[in-house]
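Have the sequence and the 3D view open as you read.

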Amino acid sequence: MHSKLSIFISLFLLLSSTAFASPTIEISVIANKTEENNSKIPHTVDVISHKKLALQKNATISDMLHQISGLYVAEKGLSGDDLDIRMRGSDRDEVLVLFDGVPIEGNGEARSFFLNMMPVEFIDRVEIIKGAQSVLYGSNAVGGIINIISRNGSKQEPHYFANFAYTTDNSFREALGTSLGNEKTAFNMGVMRDDSKILNHFNDQSDTTGLHLNLNHQVSPGFKVTWGLDTFFGRQNLAYDQINAFGATVNSYVVPDDDIKRKIGWFQSYIKLEAQITERFKSALQIAGNYLTETLANTNAGDSPVDENGLPLDASSQYYLGHSYRIYTDFLNQYRLFKSSNIKDDVQVGISVIHDHLDFINNSYPGDIGAGLPSTDSYPSPGEKSGRENYSFYFQNLFYWNNFTLTTGARIDHNTTFGSEWSPRVAASYEFKKTSTTIRASYSEGFHAPTIAEFFDATIGSTVTALSLKRHQETTQSYEAGIEQNLFDNKLKLRGTYFYISYNKLLDILEAINSANSWGIENDVSTSLVPKTKLGINYTFNHTHNDDTGKELTMRPHHMLNTYVEMEPIANFTIRPELQYVSRRKNPETISLTIGDFPVQFFNSKGETSTYTSSHTALNLLLNYKWINPTKNLKAVNLYAKGTNLFNSRYDNNYGYPVNGFRVTFGSNFEF
């Protein structure tokens with residue numbers, strides 16, 4: 001099916017010579033750490049603009065990422081509590097997430113599980129680049145990168161906003177903010193509060209408070225300083241528990257639990273200095289630090305009568321206290337080697353230094369494979385280091401000749417725990433101006449390094465957990481080839497991309513795999529040919545293969561379809577239905593230990609088990625009305641309502657974690 005669709009699109013492009021138009025100029029920073037026209041980037045880039053974010057004010061980051069081809073986003077537990085993002089069949093910790101260009105991680109995990117706590121009011125845009133990007137960004141950028149760019153202050157007249165939203169599952173969200181500045185200085189500040197009573201089928205409860213600050217100052221025509229600070233603090237009451245029993249077969253259960261208390265706090269701040277030293281030479285220095293603290297405790301003895309083995313749970317049986325911080329420094333220099341009327345050649349040279357630190361105490365109960373395994377598991381243990389350093393040197397050459405772009409580069413990483421890794425890449429694109437056609441192709445290598453917790457993991461008696469098998473980094477080879485077409489004055493945009501990723505030493509969930517691969521095709525279509533109507537549709541076919549077993553990789557859907565229609569039947573009133581289809585996903589069948597592979601079964605909250613998580617279809621509907629200049633001091637009022645899961649489907653994104661049924665959000669946004 002996918003091959004026929006690609007052939008049809010190619011023929012359509014060739015036969016539509018009268019409809020061509022120049023592409024719209026869209027700028028991103030994610031590909032080269034500097035502003036670049038997307039048509040010049042030889043990789044697939046998607047941008048979720050501020051305009052789109054503003055329309056979907058109550059959306060979460062995962063809501064927005066769901067709509068991007070090649071991405072599968074699954075949630076477990078609380079919204080933002082555990083977010084798995086897979087890109088082009090990559091593993092869940094092989095998509096690097098950046099916030100203002102700074103990598104962010106959880107306690108001992110290479111995943112940013114607090115993303116859904118971040119309100120769209122704090123975000124200017126989200127940039128996504130697909131394929132391995134280790135040359136500029138190092139570890140974890142195997143499937144691609146997501147860069148969340150926060151809002152800057154306005155250098156025009158002052159702007160103030162206030163947002164209020166209520167969801168029928170008894171959730172409330174409020175946000176207040178201001179943006180002001182002058183010709184040289186701009187300042188943005190926002191605060192938010194989220195009180196959620198029921199965020200999923202388990203009736204969890206949560207409250208989150210957040211603060212965003214951003215200041216940029218043009219010191220001189222060639223020197224700019226940007227400072228940012230973001231922090232979130234959440235308190236959660238989890239009404240479920242994940243219990244694992246270790247024996248001849250590993251069984252994983254999701255059981256009701258009424259009183260697990262969790263506190264999580266995250267803080268990040270950075271300063272960035274950008275200097276245009278000469279006409280040909282510019283530098284950027286970014287220094288950032290983030291800190292994450294997390295506490296998980298069972299405060300009510302006996303709130304779950306027994307575990308799956310009939311053993312009583314007591315108040316000390318579930319307890320976790322973890323702290324981690326990261327200090328990140330990146331120094332990028334770009335020099336223009338040559339420039340003429342049709343040729344430009346830039347070279348980038350950079351160094352990056354990262355210091356990671358983690359410490360935790362983890363109490364568990366008998367039979368829980370995930371919690372630590374004597375009764376108390378702590379890190380660092382005597383003789384273990386609590387931190388590590390990563391030193392990187394990278395270079396990249398950006399060559400432009402008329403409409404041809406060639407990017408070549410390489411990176412060397414040295415880490416004090418896992419050693420060294422070399423990552424090259426070469427990518428090219430060509431834009432046919434006359435027909436408004438862009439073709440792209442690339443080859444890149446990436447790697448995913450073990451985190452501190454994975455490198456120094458605890459033991460189960462005399463055996464080592466699966467995570468400790470990850471003593472060496474995963475390495476990948478990625479290929480991409482695609483074509484992009486703009487038609488009818490940019491009112492019809494088509495894009496098709498083939499991708500292939502080859503894995504060495506993959507740890508997939510808890511299964512160690514010597515080699516595997518993932519390949520597929522992404523197709524994107526968007527159009528505004530009908531007046532006041534926008535239509536978007538994308539389809540992703542993804543085939544994965546475990547070379548060790550001959551089976552598919554777990555938790556990757558073969559088919560994903562997303563579509564929306566955005567209509568404005570009357571002035572300033574928008575109607576937007578959205579439909580998403582995800583095919584079934586294979587559940588893990590084995591867990592890898594140093595003594596061998598053991599069968600594993602996943603049970604949902606009803607005690608059912610299955611080899612696959614079922615396919616599902618979700619339908620959402622957004623209504624938004626913008627009332628412009630209702631009073632002298634009030635610039636605009638947005639009134640919106642969003643119906644989520646209109647089919648009221650009880651499906652699982654992750655097996656054993658059913659999503660909410662039908663619910664409605666009512667909200668308002670005031671601009672002063």
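Strands here are DSSP runs of E with at least two residues, and helices are runs of H or I with at least four, both numbered from the N terminus. This is a predicted model: local features need pLDDT of at least 70, side-chain atom pairs count only at pLDDT 80 or more, and totals for chains, interfaces and linings use all residues. Residues are numbered from 1 along each chain as its sequence is written, and side-chain values use heavy atoms, without hydrogens and water.

**The cavity**

The structure holds 12 cavities of 30 Å³ or more (a cavity is a set of points on a 1 Å grid over the protein atoms alone where a 1.4 Å probe fits but cannot get out, and lining residues have an atom within 4 Å of a point). The second largest cavity has a volume of about 230 Å³. Its lining has 23 residues, and Glu105, Ser139, Asn140, Arg326 and Ile354 are the closest to its centre. β18 (343–363), β20 (387–401) and β21 (404–415) each supply at least two lining residues, and β20 gives the most, with 4 residues.

**The strand β9**

All 7 of the 7 residues of β9 (residues 144–150) are buried, so this strand is largely enclosed by the rest of the structure (buried means under 20% relative accessible area with a 1.4 Å probe, protein chains only). Gly144, Ile146, Ile148 and Ser150 cover one side, while Ile145, Asn147 and Ile149 lie on the other.

| Partner of β9 | Sense | Bridges |
|---|---|---|
| β6 (residues 95–99) | parallel | 5 bridges |
| β8 (residues 123–130) | antiparallel | 7 bridges |

In β9, Ile145 stands opposite Leu96 and also opposite Ile129.

Conventions: On a 1 Å grid over the protein atoms alone, a cavity is a set of points where a 1.4 Å probe fits but cannot get out, and a pocket is an open set with protein on both sides within 12 Å along at least five of seven lines; lining residues have an atom within 4 Å of a point. Grid points are joined across faces, edges and corners, and a volume is the space filled by probe spheres set on the points. Buried means under 20% relative accessible area, exposed over 50%, partly exposed in between (1.4 Å probe, protein chains only). Two strands pair if DSSP finds at least two bridges between them.
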